Amino acid sequence: MTTTESEWTPGEVAWMTALAAYEAGQCPRCRGVLEETTDPGRDFNNPFATAVYLPAPGYPRQCHCCAAIDRSEQQTRTQNPQHPAAILHAVQLVPRG
């Protein structure tokens, strides 16, 4: 019988387990805590809401990296029209000129 040693220490396993639980409770888009961001008491359209989410001062602003990814997605959308999100995109910052 062969015994393999774990790549992670028990402490690292505990940290990764805690991270997975934390991330599972976050909105995949805004990274807000789902328990708070999905609370009907914070719905902008709820006249009885106790608090609502509004754009932060200085926003919106454009992420130029995200814009490049969007352009890449638009250019390749026809390559896999049934599953365009399955195409992975990467961008890089390069000097102009």
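**Charges, folds and labels**

Analyst: The protein chain carries 7 positive and 10 negative side chains, and the centres of these two sets lie 17 Å apart. Here Lys and Arg count as positive and Asp and Glu as negative, with His and the chain ends not counted, and the place of a charge is taken as NZ of Lys, CZ of Arg, CG of Asp or CD of Glu. This is a predicted model, in which local features need pLDDT of at least 70 and side-chain atom pairs count only at pLDDT 80 or more, whereas totals for chains, interfaces and linings use all residues. Residues are numbered from 1 along each chain as its sequence is written, and side-chain values use heavy atoms, with hydrogens and water left out.

User: What makes E36 and R42 a salt bridge?

Analyst: A salt bridge requires a side-chain nitrogen of Lys or Arg within 4 Å of a carboxyl oxygen of Asp or Glu. The closest N and O atoms of E36 and R42 are 3.9 Å apart, so the pair meets the rule. By this rule the count comes to one salt bridge.

User: Why are E36 and R42 called partly exposed?

Analyst: Partly exposed is the class between buried (under 20% relative accessible area) and exposed (over 50%), computed with a 1.4 Å probe and protein chains only. E36 has 39% relative accessibility and R42 has 30%, so both fall in that class. Across the 97 residues of the protein chain, 9% count as buried.

User: Which elements does the protein chain contain, and in what order?

Analyst: There are three helices and zero strands, and the elements run α-α-α from the N terminus on. Helices (H or I, at least four residues) and strands (E, at least two) are DSSP runs, numbered from the N terminus.

User: How does the radius of gyration of the protein chain stand against that of a compact globule?

Analyst: The protein chain has 21 Å, whereas a compact globule of 97 residues would have a value near 13 Å. The radius is taken over C-alpha atoms, and the globule rule is 2.2 Å times the number of residues to the power 0.38. Along the principal axes, the C-alpha atoms fill a box of roughly 60 × 50 × 35 Å.
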